Amino acid sequence: MGCSKIFWSICLDLEIKVEKIQPAYTSKTCSKCLSRKTQRPKQEQFVCLDCNYQLDADLNGSRNIENFYRNLNGLPVNITQVKTFKVDQSYDSLES
Ligand SMILES: [Zn+2]
C-alpha cells in the first residue's frame with residue numbers, strides 16, 4: 001500500500017526521513033519480549049502469551065516497526081522510548 005499525498009507533504013514540511021519496513025510479523029510480534037506466541041482477543045487488543053504484555057494492537061505494531069528499523073540499521077532496540085504524536089497537532093508543538 002502506498003502513502004497518501006498528505007503523508008508525504010507533512011514529512012516534507014517537517015523534514016522527516018521516511019524508511020519502508022517489511023510489515024511481516026509487525027502485528028504478531030510482542031514489542032516487549034519479541035515472542036510470536038501472541039493473541040488478538042479483539043481487533044484492537046494485543047496480548048503476549050509468553051510475557052503477558054497487553055496493549056493496544058496498533059501501538060504494539062508501531063513499536064515493532066521502530067524496532068525492526070533499528071535492528072536493520074544496527075541501532076539498539078529501544079522499547080521504552082517510542083515517540084508518538086498526533087498528526088492534527090500544530091507543527092510548532094512537534095518541535096521539542
Ligand atoms: Zn511478550
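**Strand pairing, packing and confidence in a predicted model**

In strand β2, the residue that forms a bridge with T38 is C48. Helices and strands are DSSP runs numbered from the N terminus, a helix (H or I) having at least four residues and a strand (E) at least two. The model is a predicted one, in which local features need pLDDT of at least 70 and side-chain atom pairs count only at pLDDT 80 or more, while totals for chains, interfaces and linings use all residues. Residues are numbered from 1 along each chain as its sequence is written.

T38 itself is found in strand β1. A residue is termed buried if 20 or more other C-beta atoms lie within 10 Å of its own, exposed if 12 or fewer do, and partly exposed in between, with C-beta atoms placed from the backbone. T38 has 20 C-beta neighbours inside 10 Å and therefore counts as buried. Two residues are in contact if their C-beta atoms, placed from the backbone, lie within 7 Å. With neighbours within four places in sequence left aside, T38 is in contact with K28, C30, F46, V47, C48 and L49. The C-alpha atoms of T38 and S27 are separated by 9.4 Å, and the two residues are 11 residues apart along the chain.

The chain contains two helices and three strands, arranged along the sequence in the pattern α-β-β-β-α. The three strands form an open sheet in the order β1-β2-β3, with antiparallel pairing. β1 and β3 (54-56) stand at the edges and have a single partner strand each, so one side of each is left without a neighbour in the sheet. Strands of a sheet pair through backbone hydrogen bonds, either parallel or antiparallel. Here two strands are taken to pair if DSSP finds at least two bridges between them. β1 and β2 run antiparallel and are joined by two bridges; they form a hairpin with five residues between them. Strand β2 (residues 45-48) is joined to β3 by three bridges, and this pair also runs antiparallel. Q45 stands opposite D56 in β3. The hairpin of β2 and β3 has five residues between the strands, and in this hairpin N52 takes a positive phi near 70°.

In a regular strand the side chains alternate between the two faces of the sheet.

Helix α1 (residues 5-14) is hardly covered, as the count of buried residues among its 10 residues is zero. E15 follows α1 and has a positive phi, near 55°. The loop between α1 and β1 includes Y25, S31 and L34. Y25 has a positive phi near 70° and is a residue other than glycine; it is partly exposed, because 13 other C-beta atoms lie within 10 Å. L34, which is not a glycine, has a positive phi of about 70° and counts as partly exposed because it has 16 C-beta neighbours inside 10 Å. S31 is buried, because 22 other C-beta atoms lie within 10 Å. The C-alpha atoms of S31 and N60 are separated by 5.8 Å, although these residues are 29 residues apart along the chain.

For the chain as a whole, 10% of the 96 residues count as buried. Of the contacts in the chain with a separation of 6 or more, 29% are between residues 24 or more positions apart.

The pLDDT is the predictor's confidence in each residue, from 0 to 100. The chain averages a pLDDT of 81, and 79% of the residues score at least 70. Over residues 81-96 the pLDDT is below 50, and this stretch has nine contacts in the model beyond near neighbours in sequence. Where pLDDT is low, the predicted coordinates should not be read in detail.
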